[in-house]
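Good morning, and thank you for coming.

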Amino acid sequence: MAMIPSFFDNRRGTIFDPFTWEPFKDFPFPSSSLVSHDNSAFVNTRIDWKETPEAHVFKADLPGLKKEEVKVEVEDDRVLQISGERNVEKEDKNDTWHRVERSSGKFLRRFRLPENAKVDQVKASMENGVLTVTVPKEEVKKPDVKAIEISG
(Lines give C-alpha, C1' and ligand atoms only; values in the text may rest on other atoms or scores of the structure.)
Protein backbone atom coordinates (compact mmCIF):
# COMPACT_ATOMS: atom_id res chain seq x y z
CA MET A 1 0.00 0.00 0.00
CA ALA A 2 2.99 2.29 0.26
CA MET A 3 2.90 2.67 -3.53
CA ILE A 4 -0.56 4.24 -3.62
CA PRO A 5 0.39 7.56 -1.95
CA SER A 6 3.41 7.98 -4.27
CA PHE A 7 1.23 7.04 -7.21
CA PHE A 8 -0.97 10.02 -6.36
CA ASP A 9 2.10 12.29 -6.06
CA ASN A 10 2.09 12.22 -2.22
CA ARG A 11 -0.68 14.81 -2.03
CA ARG A 12 -3.65 13.66 -0.02
CA GLY A 13 -6.97 14.85 -1.36
CA THR A 14 -5.64 15.17 -4.92
CA ILE A 15 -7.84 13.46 -7.49
CA PHE A 16 -5.96 11.26 -9.94
CA ASP A 17 -6.64 12.39 -13.51
CA PRO A 18 -5.58 9.74 -16.06
CA PHE A 19 -5.88 12.26 -18.92
CA THR A 20 -3.19 14.58 -17.59
CA TRP A 21 -0.99 12.04 -15.78
CA GLU A 22 2.45 11.74 -17.36
CA PRO A 23 3.98 8.53 -15.99
CA PHE A 24 7.32 8.97 -17.79
CA LYS A 25 7.93 12.67 -17.12
CA ASP A 26 10.79 11.96 -14.65
CA PHE A 27 12.58 9.36 -16.79
CA PRO A 28 15.84 10.42 -18.49
CA PHE A 29 14.59 10.39 -22.08
CA PRO A 30 16.40 12.46 -24.71
CA SER A 31 15.41 16.10 -24.76
CA SER A 32 12.59 17.08 -27.08
CA SER A 33 14.99 19.00 -29.29
CA LEU A 34 16.54 15.68 -30.35
CA VAL A 35 13.21 14.03 -31.10
CA SER A 36 11.52 14.45 -34.47
CA HIS A 37 8.44 16.64 -34.39
CA ASP A 38 6.62 14.39 -36.86
CA ASN A 39 3.73 12.68 -35.16
CA SER A 40 3.54 9.09 -36.29
CA ALA A 41 -0.25 9.07 -35.90
CA PHE A 42 -0.46 11.19 -39.03
CA VAL A 43 2.61 9.82 -40.74
CA ASN A 44 1.05 6.35 -40.49
CA THR A 45 -2.41 7.39 -41.62
CA ARG A 46 -4.87 4.58 -41.19
CA ILE A 47 -7.02 3.69 -44.18
CA ASP A 48 -9.99 1.35 -44.41
CA TRP A 49 -10.39 -0.79 -47.54
CA LYS A 50 -13.65 -2.56 -48.18
CA GLU A 51 -14.83 -4.47 -51.20
CA THR A 52 -18.44 -4.23 -52.33
CA PRO A 53 -19.96 -6.15 -55.23
CA GLU A 54 -19.37 -3.07 -57.45
CA ALA A 55 -16.11 -1.52 -56.21
CA HIS A 56 -13.14 -1.34 -53.87
CA VAL A 57 -13.67 1.59 -51.47
CA PHE A 58 -10.85 3.24 -49.50
CA LYS A 59 -11.58 5.69 -46.65
CA ALA A 60 -9.00 7.79 -44.83
CA ASP A 61 -9.58 10.19 -41.96
CA LEU A 62 -7.60 13.33 -42.79
CA PRO A 63 -8.97 15.99 -40.41
CA GLY A 64 -7.93 19.53 -41.16
CA LEU A 65 -6.56 18.79 -44.63
CA LYS A 66 -7.88 20.38 -47.79
CA LYS A 67 -8.29 18.34 -50.95
CA GLU A 68 -5.44 20.35 -52.49
CA GLU A 69 -3.09 18.94 -49.82
CA VAL A 70 -3.85 15.31 -50.74
CA LYS A 71 -2.74 13.34 -53.84
CA VAL A 72 -4.39 10.19 -55.16
CA GLU A 73 -2.53 8.37 -57.95
CA VAL A 74 -2.63 5.01 -59.70
CA GLU A 75 0.64 3.64 -61.01
CA ASP A 76 0.96 1.45 -64.11
CA ASP A 77 1.20 -1.77 -62.15
CA ARG A 78 -2.20 -1.26 -60.41
CA VAL A 79 -0.82 0.42 -57.30
CA LEU A 80 -3.07 3.00 -55.65
CA GLN A 81 -1.03 5.67 -53.86
CA ILE A 82 -2.53 8.14 -51.37
CA SER A 83 -0.22 10.85 -50.04
CA GLY A 84 -0.23 14.28 -48.50
CA GLU A 85 1.26 16.56 -45.89
CA ARG A 86 0.09 18.63 -42.95
CA ASN A 87 2.51 21.41 -42.11
CA VAL A 88 3.54 22.20 -38.55
CA GLU A 89 1.78 25.23 -37.13
CA LYS A 90 3.99 28.31 -37.09
CA GLU A 91 5.37 29.09 -33.64
CA ASP A 92 5.30 32.56 -32.14
CA LYS A 93 8.10 33.36 -29.68
CA ASN A 94 5.51 34.68 -27.24
CA ASP A 95 3.54 31.42 -27.21
CA THR A 96 3.95 28.84 -24.47
CA TRP A 97 3.05 25.33 -25.59
CA HIS A 98 1.69 23.04 -22.87
CA ARG A 99 0.96 20.04 -25.04
CA VAL A 100 1.42 19.17 -28.73
CA GLU A 101 -0.76 16.22 -29.70
CA ARG A 102 -2.07 17.15 -33.13
CA SER A 103 -0.19 15.35 -35.83
CA SER A 104 1.79 16.82 -38.67
CA GLY A 105 4.15 15.64 -41.37
CA LYS A 106 3.96 13.68 -44.59
CA PHE A 107 2.12 10.45 -45.18
CA LEU A 108 2.15 7.94 -48.01
CA ARG A 109 0.15 4.75 -48.32
CA ARG A 110 0.22 2.30 -51.22
CA PHE A 111 -2.17 -0.53 -52.08
CA ARG A 112 -1.81 -3.11 -54.83
CA LEU A 113 -5.17 -3.33 -56.55
CA PRO A 114 -6.52 -6.69 -57.66
CA GLU A 115 -6.86 -7.76 -61.28
CA ASN A 116 -10.56 -6.88 -61.38
CA ALA A 117 -9.95 -3.17 -60.61
CA LYS A 118 -10.87 -0.66 -63.32
CA VAL A 119 -7.88 1.61 -62.74
CA ASP A 120 -8.96 4.02 -65.48
CA GLN A 121 -12.22 4.83 -63.64
CA VAL A 122 -10.97 5.70 -60.13
CA LYS A 123 -12.88 8.48 -58.37
CA ALA A 124 -11.94 10.38 -55.21
CA SER A 125 -13.90 12.79 -53.02
CA MET A 126 -13.27 14.54 -49.74
CA GLU A 127 -15.98 15.56 -47.29
CA ASN A 128 -15.63 16.64 -43.65
CA GLY A 129 -12.01 15.49 -43.50
CA VAL A 130 -12.72 12.00 -44.86
CA LEU A 131 -11.14 11.01 -48.17
CA THR A 132 -13.09 8.37 -50.10
CA VAL A 133 -11.48 6.67 -53.10
CA THR A 134 -13.71 4.39 -55.17
CA VAL A 135 -12.19 1.91 -57.62
CA PRO A 136 -14.88 0.21 -59.73
CA LYS A 137 -14.58 -3.51 -60.40
CA GLU A 138 -14.87 -5.41 -63.66
CA GLU A 139 -18.13 -7.28 -63.82
CA VAL A 140 -17.61 -10.93 -63.20
CA LYS A 141 -19.18 -12.62 -66.14
CA LYS A 142 -21.09 -15.65 -65.06
CA PRO A 143 -20.38 -18.59 -67.29
CA ASP A 144 -23.19 -19.49 -69.63
CA VAL A 145 -24.76 -22.64 -68.32
CA LYS A 146 -26.60 -24.78 -70.81
CA ALA A 147 -28.81 -27.54 -69.54
CA ILE A 148 -28.19 -30.83 -71.27
CA GLU A 149 -31.10 -33.13 -71.70
CA ILE A 150 -30.45 -36.62 -70.58
CA SER A 151 -31.68 -39.28 -72.95
CA GLY A 152 -32.71 -42.77 -72.17
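I shall take the aromatic pairs, and then the salt bridges.

This is a predicted model, in which local features need pLDDT of at least 70, side-chain atom pairs count only at pLDDT 80 or more, and totals for chains, interfaces and linings use all residues. Residues are numbered from 1 along each chain as its sequence is written, and side-chain values use heavy atoms, with hydrogens and water left out.

Across the whole structure there are three aromatic pairs (Phe, Tyr or Trp rings, the six-membered one for Trp, with centres within 6.5 Å; planes under 30 degrees apart are stacked, over 60 edge-to-face, the rest tilted). In one of them, the ring centres of Phe58 and Phe111 lie 5.1 Å apart with planes at 50°, so this pair is tilted. Phe58 belongs to strand 2 and Phe111 to strand 5, 53 residues apart (strands are DSSP runs of E, at least two residues, numbered from the N terminus). Phe58 is buried at 1% relative accessibility, and Phe111 is buried at 10% (buried is under 20% relative accessible area, exposed over 50%, partly exposed in between, with a 1.4 Å probe and protein chains only). Together with Trp49, Phe58 and Phe111 make up one aromatic cluster.

The search also finds five salt bridges (a Lys or Arg side-chain nitrogen within 4 Å of an Asp or Glu carboxyl oxygen). Among them, Glu51 meets Lys137 at 2.7 Å, N to O, and Lys137 is buried at 13%. Another joins Arg110 to Glu75 at 2.5 Å, linking strand 5 with strand 3. Here Arg110, at 45%, is partly exposed, as is Glu75, at 28%.

Conventions:
Helices (H or I, at least four residues) and strands (E, at least two) are DSSP runs, numbered from the N terminus.
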